[in-house]
Amino acid sequence: MIILGIETSCDDTGVAVYDTDAGLRAHALASQVELHQPYGGIVPELAARDHIQTLRPLIMEVLIRAKVKPAQINGVAYTAGPGLAGALLVGASLGRSLAWAWNVPAIDIHHMEGHLLSPMLEPNRPEFPFLALLVSGGHTMLVDVSGVGRYDILGSTLDDAIGEAFDKTAKLLGLEYPGGPSIAKAAEHGNLGQFRFPRPMTDRPGLDFSFSGLKTYARNTVAEGDLDDQLVADVAWAFQDAAVDTLVIKCRRALEVTGHDQMVIAGGVGANSELRRRMADVATTRPISVFYPRPELCTDNGAMIAYAGGLRLKSMAKDSLDFTVRPRWSLSSLGAV
Ligand SMILES: Nc1ncnc2c1ncn2[C@@H]1O[C@H](COP(=O)(O)OP(=O)(O)OP(=O)(O)O)[C@@H](O)[C@H]1O
Ligand SMILES: [Mg+2]
């Protein structure tokens, strides 16, 4: 079966064609980074307007690249939430309209289920059950995954998401948005151990996270000196070291609690090389395999939505023409397939 996937939950317009037999046929992304850069964060109304202009031509481009005609498409999957309401509505209304015009099912997908399943797009993929660490701009979660739609949330952040903490810390260091890659780059020139940041919530039991304190710690550290390149690099190194260490400590704990020997790491922060290096170290001390999507599929993309759509297509109830988007939507409320 061939699925068209549409992602418009935030500031990336993503489109893909996934073939359940042949794999990913094509995918493309239009990033809005430059549009939002002057504001230092995402402006929801601008995001929605840009999706309107970008989405239709991007779909046409991806269909051509995938060498797929509309008559061959068996379903249209789109992100129905969580995310920005206006941005979600663009993908939902065009996705629903195309599905209606092509007389195929429309499949509403949970954005974080897309991230969670994204390593399945790779040749080296996990088998159910496994542990998942979802680390993105809006979420930080440890999930016990026993099958598609069978998600038990073991822990999540009490305040800022990890990606948000990277972005906010980068902003106060005068680094470019998005902050994750900027901090990782600056940290390469940092003096190891010049500063040591706390590892939030690691000294108490449980699998929840808290990252807003790290950003405050960075602000207080910076306030003590002139913000020259070396101080920026040293603080970036210390921030990344603490953020990654905290994730790794909680992953070890969750592996201990669940007994899983496979782990998935997905979402934008999953592209972080220091996190990947440190998790590889964990895998040398206990018999686990760690699975990631390729870096370009860590951040938002249409491929993960098309893939999740392919899995959910078979269990779809008959469509009605009504639809809604869910800016807030719990991952644990999804139905199993
Ligand atoms: N190499 C990296 N190191 C650390 N963080 C990174 C890296 N690359 C991207 N990020 C971070 O990933 C985040 C974006 O990821 P993603 O697109 O998955 O999030 P989102 O879609 O905005 O949020 P959500 O998926 O929770 O709705 C940003 O916060 C960005 O700074
Ligand atoms: Mg995302």
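1. Ground rules. The model is predicted, so local features need pLDDT of at least 70 and side-chain atom pairs count only at pLDDT 80 or more, while totals for chains, interfaces and linings use all residues. Residues are numbered from 1 along each chain as its sequence is written, chains are lettered from A and ligands numbered from 1 in the order in which they are written, and side-chain values use heavy atoms, with hydrogens and water left out.

2. Domains. The protein chain is split into domain 1 (2-117 + 297-333) and domain 2 (128-292); such bounds come from an automatic or database domain assignment. Their C-alpha centres are 27 Å apart. On the domain 1 side 18 residues take part in the contact, against 24 residues from domain 2 (contact means heavy atoms within 4.5 Å).

3. What the interface is made of. About 1,700 Å² is buried between domain 1 and domain 2, with carbon and sulfur atoms giving 72% of that; buried area here is the accessible area (1.4 Å probe) that two parts lose on being put together, summed over both. Met112, Leu116 and Cys298 are the ones to look at: they supply 36% of what domain 1 buries against domain 2, more than any other three residues.

4. Helix H4 (111-117) and helix H10 (302-313) each bring at least two residues to the side of domain 1 that touches domain 2, and H4 has the largest share, five residues. Helices (H or I, at least four residues) and strands (E, at least two) are DSSP runs, numbered from the N terminus.

5. Leucine 297. This residue sits in the loop between strand E10 (289-291) and H10. Leucine 297 is buried at 0% relative accessible area (buried is under 20%, exposed over 50%, partly exposed in between; 1.4 Å probe, protein chains only). Leaving aside residues up to four places away in sequence, leucine 297 touches His27, Ser118, Leu121, Glu122 and Ala303.

6. Cysteines. Zero disulfides are found in the whole structure, a disulfide being a pair of cysteine sulfur atoms within 2.5 Å. For cysteine 10, the closest cysteine sulfur is in cysteine 298, 16 Å away and so too far for a bond. Cysteine 251 also has cysteine 298 as its closest, at 14 Å, again too far. Cysteine 10 is partly exposed at 23%, whereas cysteine 251 is buried at 0%.
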